[in-house]
Amino acid sequence: MSVATSVENDAPRIGARLKEARQKKRLTLDALADTCGVTKGYLSKLERDQVNASVASLVRVCAALDVPVGSLFDDAPAGEVVRAESLPRIVFGGEAMTEYLLTPVGERRVQVLLGHIEAGGGSGAEAYTLPLDVTFVHVLSGEVRVIFEADPDGTFGSDDVLLGAGDAFTFSPRRPHSFRSEGGGDARVLWVLAPALPEELPMKKQEFRS
């Protein structure tokens, strides 16, 4: 079951978009909860923007609703310049974590995110995958651990990589993985996704762990 945290007051709101998508598909909260492996109460709070989903849970809900995760970034400014004093905040799931979009919404070749992970925070305990070619992470401060789980067909085994300030790591986001801050402190991380998260084509349900 997914662990969720309370949403901060200034966090972007995605609940109405998820609720609209569920109603368009004529799904009840019970039906969607069964599909995604979460509780009805959890989904109800998610639609009212009262909880933050883990990355894995958000990916799973979006896939069940045929809502591309990339579409959740649509409210960010579409201009080419992103000013340091007004970084557009986005919701990409996770616990005790704040993320900002550094590339324009319309940029499909690459997507760059700046993440601030509080002590003990991260993507959540459940592993997830993304239908992308490559993920690059650069730790600006603090420590981050990337944990890989063995995939169902046995192509990859379990593993983890500890990254300190200044370290960079490139890996396939199609491997089941999660991440969290380490060392008892906050971490600032730069993520580069290539290509950008799908905006028009929904994620396929088989591309994440259930």
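1. The protein chain comprises 4 helices and 9 strands. The model is a predicted one. Along the sequence, the elements of the protein chain follow the pattern α-α-α-α-β-β-β-β-β-β-β-β-β.

2. Contacts between residues at least 6 apart in sequence deserve attention: in the protein chain, 74% of them join residues at least 24 apart.

3. As to burial, 49% of the 210 residues of the protein chain count as buried. The chain exposes about 10,000 Å², of which carbon and sulfur atoms supply 49%.

4. The largest nonpolar core contains 49 residues, and L43, L58 and F179 touch the most other members. Helix α4 (residues 55–64) contributes the largest share of this core, with 7 residues. Leaving aside residues up to four places away in sequence, L43 touches L29, L32, A33, V38 and V61. In soluble globular proteins, nonpolar side chains tend to be buried together.

5. Most residues other than glycine have a negative phi, and most peptide bonds are trans. R26, however, has a positive phi, near 60°. R26 is placed in the loop between α1 (15–24) and α2 (29–36). R26 counts as exposed because its relative accessibility is 77%, and the cut-off for exposed is over 50%.

6. A96 likewise has a positive phi, near 50°, and lies in strand β2 (residues 95–101). With 27% relative accessibility, A96 counts as partly exposed.

7. A cis peptide bond joins A194 and P195, with omega about -10°. P195 belongs to the segment after β9 (187–194).

Conventions:
Residues are numbered from 1 along each chain as its sequence is written. This is a predicted model: local features need pLDDT of at least 70, side-chain atom pairs count only at pLDDT 80 or more; totals for chains, interfaces and linings use all residues. Side-chain values use heavy atoms; hydrogens and water are left out. A nonpolar core is a set of buried Ala, Val, Leu, Ile, Met, Phe, Trp, Tyr and Cys residues joined through side-chain atoms within 4.5 Å. Buried means under 20% relative accessible area, exposed over 50%, partly exposed in between (1.4 Å probe, protein chains only). Helices (H or I, at least four residues) and strands (E, at least two) are DSSP runs, numbered from the N terminus. Contact means heavy atoms within 4.5 Å. Accessible areas come from the Shrake-Rupley method with a 1.4 Å probe; for residues, only the protein chains shown count as cover.
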